[in-house]
Amino acid sequence: MHHLERKKSHKDLVEKFYELVIELKPDYFIEVGAYEATASTEISKNLPETSCVAYEANKYNYNHFKPKMHKSKNFKYLNTAVSNYDGFATFHIQANRNRIIANNSLHERMKEGVPYEKVMVQCSKIDTVYTDLSKSYCFWIDAEGHGLEVLEGAKTILKNTKYIFIEVENKKFWKNQKIDKHVIKYLEKQGFKILQRDYQYEEQYNILFERIL
């Protein structure tokens, strides 16, 4: 059986990831593409000594959820994009839909004729923000087709990362998107293996990676 065939339901995979992170007790838990920051909220409540940071680039999501957000000294919710460079980025918000939605990206959709509101947002590499290699890290990445770029910007910190939960696609939904095989190849090169995956949708799913080297 190929390793990608070891599938769990989405709920089961999330619970497995939480279980592993809570057992590990990393110094930092970083959620990229946070929307309402479900993962980092859960970890911050269970691990009060872990610094949990949730990044959400969509200003409408951020402004909607920020007032309702979990209040804790070990939790931060930031209106910032994450990629493989520092500076500013154009975030594409689909203007024909409710602006408060998870399905927007630094990439444009492959489908032609989609109207966008283009918003400039601060963008950072993980390696620029987090430089302490004496600390341990775990990641939840749901960056709507931009996951590989997030990982490329975290190349140094990945050496101190044990678990990564990341959403991938096996076909292109976004222009210039790198699909699942590119993410898998990159992380395997960085010393990770696939622990499990789910079957959330036919062409979109999540992979739980574990560092083995």
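Two strands count as paired here if DSSP finds at least two bridges between them. Keep that in mind, because this is a predicted model and pairing by that rule is where I start.

First, strand β2, residues 28–32, and its neighbour β3. Five bridges join β2 to β3, and the two run parallel. Within that pairing, I30 stands opposite V53 in β3. What lies between these strands in the β-α-β unit? Helix α2, residues 38–46, and the unit β2, α2, β3 is right-handed.

Now the other partner of β3. Four bridges join β3 to strand β4, residues 75–78. Again the strands run parallel. V53 turns up here too: its bridge partner in β4 is K76.

So how enclosed is β3? Four of its five residues, 51–55, are buried, so the rest of the structure largely encloses the strand.

Next, helix α6, residues 180–189. Which residues are buried? D180, V183, I184, Y186 and L187. Looking down the axis of α6, these buried residues fall within an arc of 165°, so they line one face of the helix. An α-helix has 3.6 residues a turn, so residues three or four places apart point the same way.

And the other side of α6? There, K181, K185 and K189 are exposed.

Last point, just past the end of α6. G191 takes a positive phi there, about 100°.

How values were computed
Residues numbered from 1 in each chain as written. Predicted model: local features only at pLDDT ≥ 70, side-chain atom pairs only at ≥ 80, totals over all residues. Heavy atoms only, no water. Buried < 20%, exposed > 50% of the residue type's maximum accessible area, 1.4 Å probe, protein only. Right-handed = clockwise from strand over helix to strand, strands pointing away. Arc of directions from axis to C-beta.
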